[in-house]
Amino acid sequence: MARRASNKSKLTVANRVSSEKPETVSSGDAKKVGASTARRTAAKPVKPASTIKSTVKPAAKPAAKTARPRKAVASTRKTAAEKPVTGKAATRSRPAEPAKPAPEVDAGARENLDAARTKRDADPMTAAEAASARKLAENIERIEALSHRLMNALTGRDAHNPGVEGPGADLYVTAANAWMKTLTEQPTRIIEQQVNFWGETLKNYAKAQYSLAKGTFTLPEEDAPADRRFKNPLWQSHPYFNFVKKQYLINAEAMKHAADGLELPDDTARRRVGWLTSQIIDMMAPTNFLATNPDALEKAIETEGESLVKGLENLVRDVERHGGEMIVSLADRDAFTVGENIGTAEGRVVYRTPLLELIQYNPTTDKVHEIPLLIFPPWINKFYILDLKPQNSLIRWLVGQGHSLFVVSWKNPDTSYADIGMEDYVAAYLDAMDKVRDLTGQRKLNVVGYCIAGTTLSLTLALLNKRGDDRVNSASFFTTLTDFSDQGEFTTFLQHDFVDGIEAEIRKYGLLKAPLMSRTMSFLRANDLVWGPAIRSYMMGEAPPAFDLLYWNGDSTNLPGKMAMQYLRGLCQANDFAGEGFELFGQKLRLADVQAPLCSVACESDHIAPWTDCWRGVAQMGSRDKTFILSESGHVAGIVNPPGRDKYGHYTGGKDFGNDPAKWRESARMNMGSWWPSWGEWLSERGGKLIDARHPDEGLAPAPGNYVHEKAL
């Protein structure tokens with residue numbers, strides 16, 4: 001009865017409204033008319049807002065009261081959904097502005113939006129429900145627009161060279177042949193592996209079924225070793241996630257066991273099969289998929305799906321930024337500016353060539369060592385790794401120790417540098433040394449080479465020795481490889497299939513381009529540098545962190561084509577420098593030709609330049625004055641380890657270079673804290689007497705110069 005009375009009341013209002021002039025219809029009555037009409041038409045399809053034409057026309061004063069058709073009232077209500085036209089506004093002579101077209105969406109999304117609008121008009125909502133509906137509609141439109149952007153970015157990328165996408169077919173054939181050999185010669189071994197795998201799988205399934213049937217879940221007393229990927233408590237306490245995690249670990253163990261059991265032809269094949277197996281295992285982790293990642297699911301529920309939309313925005317941004325390649329951003333690219341909040345040590349560019357800028361830093365002491373210090377950083381990345389922040393800047397620390405410091409900033413090459421080779425870099429070393437000697441009036445100088453720059457410094461020292469040139473007073477090497485007989489974790493990438501693929505890329509572009517190098521380096525630590533950041537960015541919707549070290553890591557450089565192939569073919573694959581000799585400037589250069597006093601700093605957990613390989617190269621050098629320092633931590637963190645933090649210690653004192661690295665370490669002494677003071681003491685002994693501080697001339701530009709700002713292609 002109450003409903004019929006309500007309907008009768010609404011009908012009376014509608015009849016009264018239809019018999020009056022448009023300008024006399026009240027706002028409240030118009031809303032009731034609209035609501036009533038919407039209910040009657042809810043089953044009919046609702047046209048999109050962009051296709052509805054305004055029915056408001058200039059009003060002419062009628063001679064007598066004429067009832068406006070009910071349909072016109074409803075049409076007016078729908079046309080003015082955002083702002084109902086009432087009173088005198090409905091009688092103005094100018095026509096209403098057409099509705100703005102809605103963003104383009106596909107048919108499915110349009111249907112969902114129209115249904116949402118129909119439901120909104122038909123049923124009154126609470127404020128929270130209305131806000132939620134608006135947010136849902138906005139997210140649908142954002143997803144549609146982002147999907148179009150993503151497809152456009154992906155279609156714009158260059159065709160991939162299969163030679164750099166993965167191992168060649170020969171590796172798969174080798175692995176398949178090894179498995180067939182084991183199957184035919186030791187069938188029980190294969191059967192045993194399969195039985196063990198299925199036994200563990202069925203056991204895991206039975207436990208999960210028992211828990212579901214019982215309605216309770218008992219936490220396991222013992223579990224796999226701690227894994228940061230599974231730190232969410234649900235991996236332990238929830239039956240579904242616990243089942244998924246355990247099955248993944250069972251699968252991973254079975255794959256590793258099967259790969260380890262293959263009878264492969266050599267150690268190189270074994271390392272490559274092991275690397276490929278690990279990549280597959282890491283890629284298939286349940287944390288990499290939304291449906292089996294409790295952190296991502298919880299975040300999506302908490303944010304009503306906003307985290308997933310932001311994740312899609314992050315994905316589109318990365319793909320667009322990297323020319324169609326899916327390379328996850330490790331750091332906020334807008335958080336740092338070189339020369340403003342990183343790389344801020346004061347100095348001047350005092351010399352510039354097409355290949356380098358030479359920076360002289362302002363002294364911070366009244367007296368400095370007479371013999372200047374020149375640092376050659378790697379040109380695979382940029383030099384400001386040594387000057388990230390004031391508190392961890394090796395550059396600031398060295399000038400504070402009273403050294404006249406010069407640092408090279410390398411050119412980020414473009415295609416015009418395709419024919420620049422190792423000989424050009426060695427010539428640039430000699431040129432920079434000459435300039436420092438001219439500016440300081442000194443005949444000798446101390447030099448430092450970091451990573452690949454240390455390898456090239458070794459070649460330069462061997463060449464100087466061949467020429468009888470003793471300008472180098474002492475040399476220091478940071479994480480420097482010179483003997484590549486053991487290729488370590490790079491074994492996979494230094495075989496002919498990959499190197500041939502890189503050579504094809506170089507023939508195409510003239511460069512070993514930065515994205516290819518960055519991707520290769522990242523997959524050496526895939527969980528830390530690929531999958532983990534991708535989960536946080538694309539599934540959790542988190543912004544990349546403002547982390548200076550990761551910002552530097554992403555500020556990569558190209559390599560000249562000729563130089564890259566000389567390095568890969570001659571130094572890495574053929575190991576000529578530690579063998580028959582690497583030819584430059586008509587000379588066969590060998591490790592034994594390096595005879596200057598030297599100090600080598602390596603890092604204990606370095607996966608790029610393993611410390612044992614660094615040690616082995618130093619052991620073969622001809623110098624009679626050798627010092628080796630082993631820092632804890634990795635390739636970068638072990639070097640950028642200033643005093644005061646005492647996070648990582650270091651080993652010093654071992655003088656046994658005649659046996660092997662293990663014997664050296666046994667004879668060395670462990671020291672707490674940074675290695676900088678130990679090296680600084682060694683360096684000051686070779687720095688000469690103290691003189692008045694040297695200040696750079698006006699120069700060409702303030703530090704950090706111009707070349708450091710150039711981005712890779």
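**Note on aromatic contacts and a nonpolar surface patch**

1. M284 has a relative accessible area of 45% and is therefore partly exposed. The model is a predicted one. M284 is placed in the loop that runs between α10 (267–283) and α11 (294–302). Together with M255, I280, M283 and F289, M284 makes a nonpolar surface patch of about 420 Å².

2. Across the whole structure, a search finds 25 aromatic pairs. One of them joins Y240 and F241, whose rings are edge-to-face, at 5.0 Å centre to centre and with 65° between the planes. As to accessibility, Y240 is partly exposed, at a relative accessible area of 39%, whereas F241, at 7%, counts as buried.

3. The pair formed by W675 and W676 is also to be noted. The ring centres of W675 and W676 are 6.4 Å apart and the planes stand at 80°, so this pair is edge-to-face. W675 is buried, with a relative accessible area of 0%, and W676 is buried as well, at 1%.

4. W675 and W676 belong to one aromatic cluster, which also includes W397, Y450, F478 and W679.

5. Two contacts between a charged side chain and an aromatic ring deserve mention. R467 lies over the face of F585, at 5.5 Å from the ring centre. K626 has its charged end over the ring of F657, at 5.7 Å from the centre of that ring.

Conventions:
Residues are numbered from 1 along each chain as its sequence is written. This is a predicted model: local features need pLDDT of at least 70, side-chain atom pairs count only at pLDDT 80 or more; totals for chains, interfaces and linings use all residues. Side-chain values use heavy atoms; hydrogens and water are left out. Patches are made of residues with over 30% relative accessible area and no salt bridge: like charges are joined within 9 Å, nonpolar side chains (Val, Leu, Ile, Met, Phe, Trp, Tyr) within 5 Å. Accessible areas come from the Shrake-Rupley method with a 1.4 Å probe; for residues, only the protein chains shown count as cover. A salt bridge is a side-chain nitrogen of Lys or Arg within 4 Å of a carboxyl oxygen of Asp or Glu. Helices (H or I, at least four residues) and strands (E, at least two) are DSSP runs, numbered from the N terminus. Buried means under 20% relative accessible area, exposed over 50%, partly exposed in between (1.4 Å probe, protein chains only). Rings of Phe, Tyr and Trp (its six-membered ring) pair if their centres lie within 6.5 Å; planes under 30 degrees apart count as stacked, over 60 as edge-to-face and the rest as tilted. A charge sits over a ring if NZ of Lys or CZ of Arg is within 6 Å of the ring centre and within 35 degrees of the ring normal.
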